[in-house]
Amino acid sequence: MGRGRSTRRDNSLPEYVYRVASKNRVIWREYAGKGQFSGQITLVSPNGRALPHDAPHRDILEAYQRQVATGGKRTLGNLLRDYMAAPRVAPIKQKTRAEYLKYVDAIAAKPMRNGSRFGDVALEKISAGVIAKYRDSLADKPTTANRHLQFLSVAFGWAIEQELMASNPCQGVRRYRLEARTRYVEDWEFDLVQGLAPDYVAVMMELAFLMRARKGEILALRREHVTDRGIFLERSKNSESEVTLWTPRLRDAYKAATAINRGVISPWLLHGKDGDAIKPEAFSTAWQRLMAKALENGLKERFTFHDLKAKGLTDDSEHWAGHKSERMRQVYQRLAREKQATR
């Protein structure tokens with residue numbers, strides 16, 4: 001018999017099916033007989049998402065029946081969702097966790113030729129060849145393919161530790177070789193796009209250039225980061241944080257930021273009319289519209305917002321952007337150095 005239920009309403013759930021509030025999911029412990037269990041499976045909705053612990057009773061029954069219909073096999077989708085619930089994942093930053101969850105959804109929902117989804121594939125059928133085919137299905141998105149492969153490899157490594165798999169099928173599967181980005185944003189291009197940009201996007205462009213910062217780092221700026229000496233920038237990606245010292249241009253950018261939605265109380269330096277932080281998705285949409293508008297007004301080639309960090313580093317006299325390694329600094333150095341002759 002399964003363990004006791006926490007609430008009376010769950011007494012009618014199938015045996016070994018439990019709501020787990022601490023992990024916000026519903027699990028089924030598959031019984032193998034003689035007091036042994038062959039594994040723990042997260043029950044999912046028809047679209048492949050994990051059922052929350054407070055899911056309706058009917059949804060749990062339907063999810064359980066779908067799982068039983070597959071023979072109780074452990075699938076890739078179940079493994080990835082269990083990995084995201086593992087203790088080793090809990091300490092990672094919320095932003096990184098959100099990115100990983102997007103990977104899980106995209107990988108699990110990938111359609112296959114037989115009409116099923118990649119997340120439905122049984123673990124014992126996943127080989128290096130299967131992973132290679134998945135990589136090739138994303139040939140038009142090599143960066144995405146590489147990130148998915150890296151995530152899958154880490155998840156499979158965890159599965160080996162949990163004795164859910166005997167080997168890592170990502171081993172030996174090569175990632176796409178990406179050409180280093182060389183786009184340098186000229187001053188006139190910067191001025192053209194900034195002049196067409198909405199106020200908050202124009203300010204973000206200025207801060208990204210002056211502080212040599214990523215989009216997420218600018219969106220994360222809070223009023224408490226503003227000091228007498230300058231603006232504290234908490235860099236991500238294991239780069240070194242810093243205080244960007246005041247210059248007349250940086251002060252003007254700061255004043256422009258505080259003038260947007262003036263009078264709205266918010267802890268964020270840049271925020272919406274409701275005082276909430278600007279969502280990355282909203283900014284990305286605004287940026288794509290801005291690029292389209294700029295192309296109609298004289299811009300010859302698109303550039304990414306991230307290219308502004310590279311421009312800031314390239315134009316900086318010390319070529320500094322918090323990178324701990326020379327290799328990473330070179331990634332953002334877009335123009336060849338100019339050096340005086342020895343004599």
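Predicted model: local features only at pLDDT ≥ 70, side-chain atom pairs only at ≥ 80, totals over all residues.
Me: Why is Lys311 called buried?
Reply: Its relative accessibility is 1%. Buried means under 20%. The value falls under that cut-off, so Lys311 counts as buried.

Me: Where is Lys311 found?
Reply: Lys311 is in helix 11, which covers residues 306-315.

Me: What makes Lys311 and Asp187 a salt bridge?
Reply: The N to O distance between their side chains is 2.6 Å. The rule asks for a Lys or Arg side-chain nitrogen within 4 Å of a carboxyl oxygen of Asp or Glu.

Me: Why is Asp187 called partly exposed?
Reply: Its relative accessibility is 48%. Buried needs under 20%, and exposed needs over 50%. The value lies in between, so Asp187 counts as partly exposed.

Me: What makes the approach of Lys311 to Val185 a polar contact?
Reply: A polar atom of the Lys311 side chain lies 3.0 Å from the backbone oxygen of Val185. The distance cut-off is 3.5 Å, for N or O atoms with one able to donate a hydrogen and the other to accept it.

Me: Which residues does Lys311 touch, leaving out those up to four places away in sequence?
Reply: Lys311 touches Tyr184, Val185, Glu186, Asp187, Phe190 and Phe209.

Me: How do you know that Glu242 and Arg212 form a salt bridge?
Reply: Their closest N and O atoms are 3.1 Å apart. The limit is 4 Å, so the pair qualifies. Glu242 lies in strand 5 (residues 242-245), and Arg212 in the loop between helix 7 (199-211) and helix 8 (215-219), so the pair ties together parts 30 residues apart in sequence.

Me: What makes Glu242 and Arg235 a salt bridge?
Reply: Their side chains meet at 2.9 Å, N to O. Glu242 and Arg235 are both buried.

Me: Which residues are joined into one network?
Reply: Arg212, Arg214, Glu217, Arg235 and Glu242 are joined by salt bridges that share partners.

Me: How many salt bridges does the rule give?
Reply: The count comes to 14.

Terms used. Residues numbered from 1 in each chain as written. Heavy atoms only, no water. Helix = DSSP H or I, 4+ residues; strand = E, 2+ residues; numbered from the N terminus. Buried < 20%, exposed > 50% of the residue type's maximum accessible area, 1.4 Å probe, protein only. Contact = heavy atoms within 4.5 Å.
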